[in-house]
Amino acid sequence: MKNIKKYGFVIFTFFLSAIGFLILINGVKNGVDSANEYLSTSMGGSMDTDSFLLIMKGYILSNFIFGGILLMVGLSFFCMSIYKLLKEMDLGD
């Protein structure tokens, strides 16, 4: 049970980093899709170009910020947990 806890946290942080990376990679596409969805549902399909570009940039920026936070938190905890595991293995020998 102790090994599941140790390795489970490493796997969780790896997946957290991977999800953050994927959000960063697909941030522009998801931001444009979200802006188009907002335009079609909330505004009835009609809006001036400057407002649409501002909304689109906001959605893209929010995707980048969210993906960056997930990536940095995941990578930092991943590195710390790998370091802790390697240190415990070294002390066991």
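## Confidence of the model

The structure is a predicted model, and the average pLDDT of the protein is 90. A score of at least 70 is reached by 97% of the residues.

The lowest mean, 88, belongs to helix H1, which covers residues 2-25. The highest, 93, belongs to helix H2, residues 27-41.

## The largest pocket

The volume of the largest pocket is about 250 Å³. Two helices, H1 and H3 (49-92), each give at least two residues to its lining. Helix H3 provides the largest share, with 6 residues.

The residues lining this pocket are Lys2, Lys5, Lys6, Phe9, Val10, Phe77, Met80, Ser81, Lys84, Leu85 and Glu88. Sorted by class, the lining holds 5 nonpolar residues, 5 charged residues and 1 polar residue.

Thr13 is part of helix H1. Its relative accessible area is 1%, so Thr13 counts as buried, the cut-off being under 20%. A polar atom of the Thr13 side chain lies 2.9 Å from the backbone oxygen of Val10. Val10 is also one of the residues that line the largest pocket. Apart from neighbours within four places in sequence, Thr13 is in contact with Gly74, Phe77, Phe78 and Ser81.

Ser17 is another residue of helix H1. With a relative accessible area of 6%, Ser17 is buried as well. When neighbours within four places in sequence are set aside, Ser17 is in contact with Leu70, Leu71, Gly74 and Leu75.

Leu75 is partly exposed, because its relative accessibility of 35% falls between the limits of 20% and 50%. Along the chain, Leu75 and Phe14 are 61 residues apart, while their C-alpha atoms are separated by 7.3 Å.

Val28 belongs to helix H2. Its relative accessible area is 43%, and Val28 is therefore classed as partly exposed. Not counting residues up to four places away in sequence, Val28 touches Ile60 and Phe64. Val28 and Phe64 are 36 residues apart in sequence, with a C-alpha to C-alpha distance of 8.3 Å.

## Residue pairs with larger separations

Asn36 also sits in helix H2. Asn36 is partly exposed, with 37% relative accessible area. Between Asn36 and Tyr83 there are 47 places in sequence, and the distance from C-alpha to C-alpha is 44 Å.

Lys57 lies in helix H3. Its relative accessible area is 58%, which means that Lys57 is exposed, as the cut-off is over 50%. Lys57 and Ile82 are 25 residues apart in sequence, and their C-alpha atoms are 37 Å apart in space.

Note on methods: Residues are numbered from 1 along each chain as its sequence is written. This is a predicted model: local features need pLDDT of at least 70, side-chain atom pairs count only at pLDDT 80 or more; totals for chains, interfaces and linings use all residues. Side-chain values use heavy atoms; hydrogens and water are left out. pLDDT is the predictor's confidence in each residue, from 0 to 100. Helices (H or I, at least four residues) and strands (E, at least two) are DSSP runs, numbered from the N terminus. On a 1 Å grid over the protein atoms alone, a cavity is a set of points where a 1.4 Å probe fits but cannot get out, and a pocket is an open set with protein on both sides within 12 Å along at least five of seven lines; lining residues have an atom within 4 Å of a point. Grid points are joined across faces, edges and corners, and a volume is the space filled by probe spheres set on the points. Ala, Val, Leu, Ile, Met, Phe, Trp, Tyr, Cys and Pro count as nonpolar, Asp, Glu, Lys and Arg as charged, and the others, Gly among them, as polar. Buried means under 20% relative accessible area, exposed over 50%, partly exposed in between (1.4 Å probe, protein chains only). A polar contact is a pair of N or O atoms within 3.5 Å; within protein, one must be able to donate a hydrogen and the other to accept it, and residues adjacent in sequence count only if both atoms are side-chain atoms. Contact means heavy atoms within 4.5 Å.
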